[in-house]
Amino acid sequence: MMLTRKRSVRLALAAVALTAVLGATACSASNSGGAGGGGAPDILRQGVSIDAPSGPGSGYDQTARAIEATLKGEDLVSRVQVSNTEGAGGTVALAEFVTKTDPDELMIGGLSLVGATITNNAPNTLEELTPIARLIGEYDVIVVPAASPHETLQDFFDALADDPGKNPIAIGNQGGYDHMWGGMLAQDAGLEATDVNFVTFSGGGEALIALLGNQVAAGISGYGEFADAIENGDLRILATASAEPLEIAPDAPTIADAGYPDSALVNWRGVFAPPGISDEDRATLEALFEDVVKSDSWKEVLETNGWSDEWLGSDDFGTELTSVQEQTQQLLADLGLV
């Protein structure tokens with residue numbers, strides 16, 4: 001029964017990704033009005049600030065910086081400012097953001113933050129905010145140093161099952177996407193997630209130092225956070241979290257190639273505004289981000305970072321968020337992480 005329930009939750013989360021792709025194709029044409037023109041809404045004239053709920057170089061930070069570059073490059077708003085608020089997997093930033101009221105203040109959120117709110121028993125959830133748009137998806141990779149004796153994921157699973165304590169795995173934060181996927185891999189290796197020594201780091205840079213310094217046996221993170229080290233040959237991908245090859249790393253083995261197709265899992269990220277903003281401001285922001293995802297600059301961002309287009313507009317994003325909250329709670333419980 002347990003195995004059936006776990007597989008059901010995994011498939012439900014996978015279905016979210018499929019819905020995202022279908023949603024992306026339904027994105028309709030729009031025009032937010034451009035930056036600072038006389039008839040532009042106040043938000044576009046005044047500009048926006050975007051908080052990344054983690055440190056520089058993290059996936060949230062990369063997403064916020066990519067949005068900043070696109071908004072500026074496409075002249076969609078008059079000003080963009082990005083900040084970072086670190087702590088407790090993003091829940092520190094969330095606790096601060098729920099008190100804000102200005103619609104020009106935005107925050108990045110994603111599946112990892114949903115998981116962090118659950119595992120940290122945080123007083124706030126993303127459902128309290130105003131969902132504006134889900135934007136991108138990114139698949140994790142599990143990597144080892146180039147000098148590691150483990151050539152395949154099965155090699156690493158065998159070593160992990162033999163002595164979990166001697167094979168620590170670097171992840172982003174407790175209960176986040178990296179931890180969820182790592183827990184699924186632990187089960188594939190015949191272990192419980194709680195048997196594995198997961199070591200948390202605030203960003204890919206710190207995890208990379210630990211990997212190259214042999215402080216950990218493997219690392220789990222988005223491809224973008226390890227991209228330079230992978231392309232320089234310092235790290236080797238044992239598997240991607242995707243069922244199909246990633247465009248940015250087409251030769252890397254997928255989790256399906258490794259024999260565990262039910263362990264495919266995508267991480268999504270989107271944009272949120274403070275609670276209680278007006279319907280007019282919400283529509284302006286949704287239209288602004290429709291313009292972002294339709295721009296050539298954003299398409300280049302997706303290609304460069306290996307991200308998928310996971311567009312969902314405000315209403316659909318809010319509906320889906322409720323389902324994701326429930327599914328993530330169940331997955332974390334199945335993994336023994338809550």
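In this predicted model, helix H5 keeps Leu111, Ser112, Leu113, Val114, Gly115, Ala116, Thr117 and Ile118 buried. That makes eight of the nine residues in H5 (residues 111–119), so the helix is mostly covered. The cover comes from several directions: the buried residues of H5 pack against helices H3 (59–73), H4 (91–97), H7 and H12 (314–334), and against strands S3 (105–110) and S10 (267–273). After H5 comes Asn121, with a positive phi near 50°.

As for Ile50, its partners beyond four places in sequence include Ala64, Ile67, Leu71, Val80 and Leu106.

Then there are the charged pairs, with seven salt bridges in the count. Arg134 and Glu320 bring their closest N and O atoms to 2.2 Å; the two sit 186 residues apart, Arg134 in strand S4 (residues 130–138) and Glu320 in helix H12.

Glu151 pairs with Arg236 at 3.7 Å between the closest N and O atoms, joining the loop between strand S5 (140–145) and helix H6 (153–162) to strand S9 (residues 235–240). Arg236 is buried too, at 19%. In a further bridge, Arg282 and Asp315 have their closest N and O atoms 3.2 Å apart. Arg282 belongs to helix H10 (residues 279–294) and Asp315 to H12, so this bridge ties together parts 33 residues apart in sequence. Here Arg282 is partly exposed, at 26%.

Key: Residues numbered from 1 in each chain as written. Predicted model: local features only at pLDDT ≥ 70, side-chain atom pairs only at ≥ 80, totals over all residues. Heavy atoms only, no water. Contact = heavy atoms within 4.5 Å. Buried < 20%, exposed > 50% of the residue type's maximum accessible area, 1.4 Å probe, protein only. Helix = DSSP H or I, 4+ residues; strand = E, 2+ residues; numbered from the N terminus. Salt bridge = Lys/Arg side-chain N within 4 Å of Asp/Glu carboxyl O.
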